[in-house]
Amino acid sequence: MMPKAAAPNPQKANSCHGDAVLSVDPPWCRDCRGNEYTYPEALDFIRLFHGHVAPGLVIGLKMVDWAREHLPEDILFDAVCETSSCLPDAVQMLTPCTVGNNWLKIKDLGRFALTLYDKFNGDGVRVFLDPAKLQHWPEFFDWFYKRKPKPEQDFDRLLEEIRQAGADSLSRTPATIHPSYRIKSSKGRIASCPLCGEAYPMIHGGICRGCQGEAPYAQRRVVEPREITQGPTLKVVPVVAASGKRALHDMTRVVPKQTKGPAFTQGQLMTTGDICRLQQMGRQHVYVGDAAREIPGWVHENQAALAFADAMAGPGVRYGTPPREGKVTLSANRNGLLVVDHQRLSAFNTVEGVMCASRKCFDVVETQSALAATRAIPLYLPETDFHTAMAVLSTGPLFRVAPMVPVNVGILVTGTEVFQGLIQDSFIPIIRSKVATYDCTVVKTAIVPDDRPAIRDGVEKMIAAGAGLIVTTAGLSVDPDDVTRQGLLDAGCTNLVYGAPILPGAMTLVARIGEINVIGVPACGLYHKTTSFDLLLPRILAGLIIGRSELAEMGHGGFCRDCPVCTYPQCTFGR
């Protein structure tokens, strides 16, 4: 805690006439030791701690003080700041909570708010600078919304308006912090990074995060021509002298438009009869030797590819051995839905000298179908690049095949015109056919009018019939008669998300009733052969969570080209 600034002497308060005595300023804030700070003293304290008077820190001190006033006495509290600017310093100035002791956590949401909470049960109070309350203080408002460049701000007026506003510019609400923020973190085991030699927590991977590329330092790597061909010293012999020696790696033979594959495999003993074939392949020299022999500082392509594949393969995924042409292919070990950690796949592919190519995430795959392949680019990969790549893979597999579990399905058709027989229903056979593709059984169907109680009752009958998935059709547009959503809420739907960036299927609905999934299919499903329902059904059967963020990601590739002849899934829709 920084020392408290000296309090002004009330006997020496200034007066414009020199003889009037002004009252002492009321406290602006208090620290955890009970020390009170008037507004001028708070500004001095800020100069000592922060280096200069920052308006955000001035009001931040009031926010911390106001939050502490509404905490129960004698509790141990922690803090969360929703911005990295100014507020963390206010917390550290007035409370024992600091970044260093981990009692202060910063979750940078860009909001000028903080929460003080009981560190054991998470209950606390959240205080935020309320824009709706700043209208009476124009300079304060303009500063908060950055409407003026700093040179144009009236700084003295700004500080005066902050003083006048005080707690009247703030709002507070009760808050409960999620348990994940209350768990004491641990670094775990410590190791020496094989690249830089410095100590780091092993939970960060095979190398430290600095060597993974997260260091904040400017690094410029100059690649000289010698680096392009630099590698371990290998034994090279002319093709005419290759007889009786073993190939160091697979050698590929390509016959244009006919075949491509390894004509010679790693470790294969070459004979005199092979010399002509090697020459026909355009080989004048070949690498020979024992690939199993370790070369300090280098990793053979086969060894690297096997290590990569082993780390990438998750549940439902296997890989073939031995590598072919330095490459290992991963395939499905069961029917299901391919799930790809595409962010870490991209991170892996940024490592120099390695690659992995895969099918698209959420592809429906069958047993033994190829999913991805990985390899090292050079014949021998520098050990540093190998460890970097393995560090990216150390936190878990990149690929898994989620089994799609067949469920009992209930189909609820909504629409007064269908219920009254004015038009014939076409939805039930369409949905029945699509769910049958995944071995699902339709246990109940019903047609109800556009009526909230009728829709609610229909859903309850589906649940009573044992449906694990309820599909509602139509009634999802903006028409005043369409009340499907309201009826579903009456039936107990939660986590309801309406609308998706998918065409056709923009008015799709997804929700849950307990463990039962609900999906609303808009009327476009009657016309288009393939819609959002075809993209979402496999994910639902695979047990994947579908919320607003998951739907938002589907916008990229969610535009159907409406081809005259539909070739889905052999097209770009949903990819």
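Predicted model: local features only at pLDDT ≥ 70, side-chain atom pairs only at ≥ 80, totals over all residues.
Local features need pLDDT of at least 70 and side-chain atom pairs pLDDT 80 or more, while totals for chains, interfaces and linings use all residues. Residues are numbered from 1 along each chain as its sequence is written, and side-chain values use heavy atoms, without hydrogens and water.

User: Why is H10 called roughly antiparallel to H11?
Analyst: The axes of H10 (residues 342-349) and H11 (residues 383-393) cross at roughly 175° and come within 9 Å. Angles over 145 degrees count as roughly antiparallel, so H10 is roughly antiparallel to H11.

User: Which residues of H10 and H11 meet?
Analyst: Arg-344, Ala-347 and Phe-348 in H10 meet Ala-389, Val-392 and Leu-393 in H11; contact means heavy atoms within 4.5 Å. Five residues of this contact are nonpolar, none is polar and one is charged.

User: What makes H3 mostly covered?
Analyst: In H3 (residues 87-94), eight of its eight residues are buried, where buried means under 20% relative accessible area (1.4 Å probe, protein chains only). Among the elements they pack against are helix H1 (39-50) and strand E5 (113-118).

User: How do you know that E18 and E20 pair?
Analyst: Two strands pair if DSSP finds at least two bridges between them. Five bridges join E18 to E20 (residues 370-376), so the two strands pair, and they run antiparallel. One of the bridges has Cys-356 with Thr-374 in E20 as its partner.

Methods: Axes fitted to C-alpha atoms, helices over the stretch in contact; angles between N-to-C directions. Helix = DSSP H or I, 4+ residues; strand = E, 2+ residues; numbered from the N terminus. Parallel < 35°, antiparallel > 145°, perpendicular 65-115°, else oblique. Nonpolar A, V, L, I, M, F, W, Y, C, P; charged D, E, K, R; others polar. Buried < 20%, exposed > 50% of the residue type's maximum accessible area, 1.4 Å probe, protein only.
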